[in-house]
Amino acid sequence: MSLGKLVEQESGQVFPLGFEVVTIGRHEDNTVVVPDPNVSRHHAEIAVHGGRWAIRDLDSANGTFVNGRPIHEPHVLRHGDLIRIGQSQFLLEFPAAAARHDTLVEAATMPLRPRRSPWLAVIAVLGLLALVAGAFLLWPRLQGEEEQATPPSAATDVAVGGATTLPSPATESTLPAPGETALPTVAPPSPEPTLPPAPSAEASDTPGVLPTIGVFRANPPIIDRGRCTRLEWGLIENANRVLLSDIGRVGTSGKIDVCPGESKAYRLEATGAGGTTEESIQVTVQEPRGSIIEYLRVVPSIVAPGGCAQLEWGKVENATEAIIEPGIGGVGTPGSMEVCPAETTVYELTATSPEGTHTARASLIISSDTSQKPVIAFFSARPASIEAGECVTLAWGKVDYAAEVTIDNGIGGVATPGEAEICPGARTTYRMTAIGPGGTTEAEAVVDVSPVGLAELADLVVESILFEPNPCFRVGKCEVRVTVRNDGPVDAGAFVLRWAPEGTEAVPVEWDVPGLAGGKAMELTYTWLPGATHEAWPTTATVDVYGQVDEIEEGEGNALTQEIAVLEP
């Protein structure tokens, strides 16, 4: 049965909502499949609770947002709510009949008692009064027939119409004297029953419930020195504050990468109305087992056809044998030798020990063009601002004219293009270094980590500057593509994006952007005709030039510089 629907805003695709649970995520076993790397395999679910639809985040890496705000517990949905998961937005629509009610189940109609006519009660009362009046009128005659009248006691009950009415204790009951007319006495109505007052919630002495921590672990719990592990926590209930040692306040679920230099215990505290609950985990740092290869490298890493390079390797420890292939064989360590391959070659050093083998590799590229400096297409963090306990995706594009590409902070050598999930616990700068025969090129990506409870603001970031063709040519058409993102949870209003090559003769280009939705990105293009040649011409893109948008981190990530080679045609 379909009672409502989710409408994906970009494609217009409709997903019906009924009484069945609707799951949303990247994996194909979900009801709603979102093929987005920013979406977890099982990201969120929508189910009926107490007659109303509610959405729950399933401990996703990047969170679930309703109307621009992150949710940390089941959230009741209403008609017109906008749900954001990754880069996708879904509008919740109820039928008109369902939207007018708070719940999905109508209240049952109770049968009414038949109403009795009030005239029946009036006739009954008049009849009763007539009987009482007749009895008092006959009293003198009855009194005369008796030789001696015995007055009733004040405590004697008077029967009226079959009911026994007790006289009021404040009034003495007497019979009328002979010859007097007695007025009928009507008993006062019984008071309405009084219900005992409901107990006040403020007067309750029930203590608060002690917080519980469902998950707190290190993966892996044992690491080699120089490596990192990931702390994960979640399923925390009855807590309004969660603290992680060395980090500070975090959410009720999250992940953080830590790289301790020695064995260390990490403590998680959950505090609520019922007190504080603590959990601790031990991360053990051990010396690497088996063989250790200090390094293997080729200098230079790119040579012209017929050229030679120096293959160098460092000390190898805890190994029974060290072999370099192809074509070299067993070697002592440390050592070096000249190599002159006819084609691009990957050299591999294998060290063998009783615990197993370790391998190091180094490439020698044979190329006729050995003068070009490496070019990094882009290097960015998505999003660039997070709360403690959240993760981001570090992404990079193709790197040309490089023999080696590395990223610091424990990531190491990488292939290009590529990406990696990182969960820093504090503000971290990641540096990519590309090394080639023409020199070295570096790029940086900064991830800002703030305490839980960050202001709901926009956060504009220049993601990349791309050129087509690359390199460009003097007085030739060179298309410049600038991508800007809004990493904040709310929409950004109007702002100005500027791009300009370095130099007084270059004219800056500005775009007036009417706005950018939270979690979305946009690309702007410009056809540039460079008037001069340059080996590495710096160009800079700046977003929110005039400070029109209030941001989470003012100025952070608002500018990006990218070099481009401009050659003679």
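Asn409 is partly exposed in this predicted model, with a relative accessible area of 42%. Its phi is near 60 degrees, a positive value in a residue other than glycine. You can find Asn409 in the loop between β37 (404-407) and β38 (412-413). From this spot, the points below take you through the chain as a whole, a few loops, the strands and the nonpolar cores.

**The chain as a whole**

- Of its 569 residues, 37% count as buried.
- The chain exposes about 32500 Å², and carbon and sulfur atoms supply 53% of that area.
- Take the contacts between residues at least 6 apart in sequence: 57% of them join residues at least 24 apart.

**Loops to look at**

- Asn238 also has a positive phi, of about 60 degrees, although it is not a glycine.
- This residue, Asn238, sits in the loop between β16 (229-237) and β17 (241-244).
- With a relative accessible area of 40%, Asn238 is partly exposed, because that value lies between the 20% limit for buried and the 50% limit for exposed.
- Asn219 and Pro220 are joined by a cis peptide bond, with omega about 0 degrees.
- Pro220 belongs to the loop between β14 (212-219) and β15 (222-224).
- Another cis peptide bond runs from Asn470 to Pro471, and its omega is near 5 degrees.
- Pro471 is part of the loop between β42 and β43 (472-473).

- Strand β3 (residues 22-25) is covered on both faces.
- β3 runs antiparallel to strand β5 (residues 44-49), and three bridges join the two.
- In that pairing, Thr23 stands opposite Glu45 in β5.
- β3 also pairs with strand β4 (residues 32-33), this time in parallel, through two bridges.
- Here Ile24 stands opposite Val32 in β4.
- As background, strands of a sheet pair through backbone hydrogen bonds, either parallel or antiparallel.

**An open sheet of three strands**

- Three strands form an open sheet in the order β42-β44-β47, with antiparallel pairing.
- β42 (460-468) and β47 (521-528) stand at the edges. Each has a single partner strand, so one side of each is left without a neighbour in the sheet.
- On average, neighbouring strands of this sheet are turned by 20 degrees against each other, direction ignored.
- Eight bridges join β42 to β44 (residues 478-486), and these two strands run antiparallel.
- Within this pairing, Glu468 stands opposite Glu479 in β44.

**The nonpolar cores**

- The largest nonpolar core has 39 residues. Leu268, Phe379, Leu394 and Met432 are the ones that touch the most other members.
- Strand β41 (residues 439-450) gives this core its largest share, four residues.
- Domain 2 (212-286) and domain 4 (375-450) each contribute at least three residues to this core.
- Another core lies apart from it and has 26 residues, among them Phe467, Val509, Leu524 and Val543.

- Thr393 is found in strand β35 (residues 392-396).
- Why does Thr393 count as buried? Its relative accessible area is 12%, and buried means under 20%, so Thr393 falls within that limit.
- Not counting residues up to four places away in sequence, Thr393 touches Asn38, Ser380, Ala381, Arg382, Glu419 and Ala420.

Conventions
Residues numbered from 1 in each chain as written. Predicted model: local features only at pLDDT ≥ 70, side-chain atom pairs only at ≥ 80, totals over all residues. Heavy atoms only, no water. Buried < 20%, exposed > 50% of the residue type's maximum accessible area, 1.4 Å probe, protein only. Contact = heavy atoms within 4.5 Å. Areas by Shrake-Rupley, 256 points an atom, 1.4 Å probe, with all protein chains shown as cover. Pairing = 2+ DSSP bridges. Axes fitted to C-alpha atoms, helices over the stretch in contact; angles between N-to-C directions. Core = buried A, V, L, I, M, F, W, Y, C linked by side-chain atoms within 4.5 Å. Domains from an automatic or database assignment.
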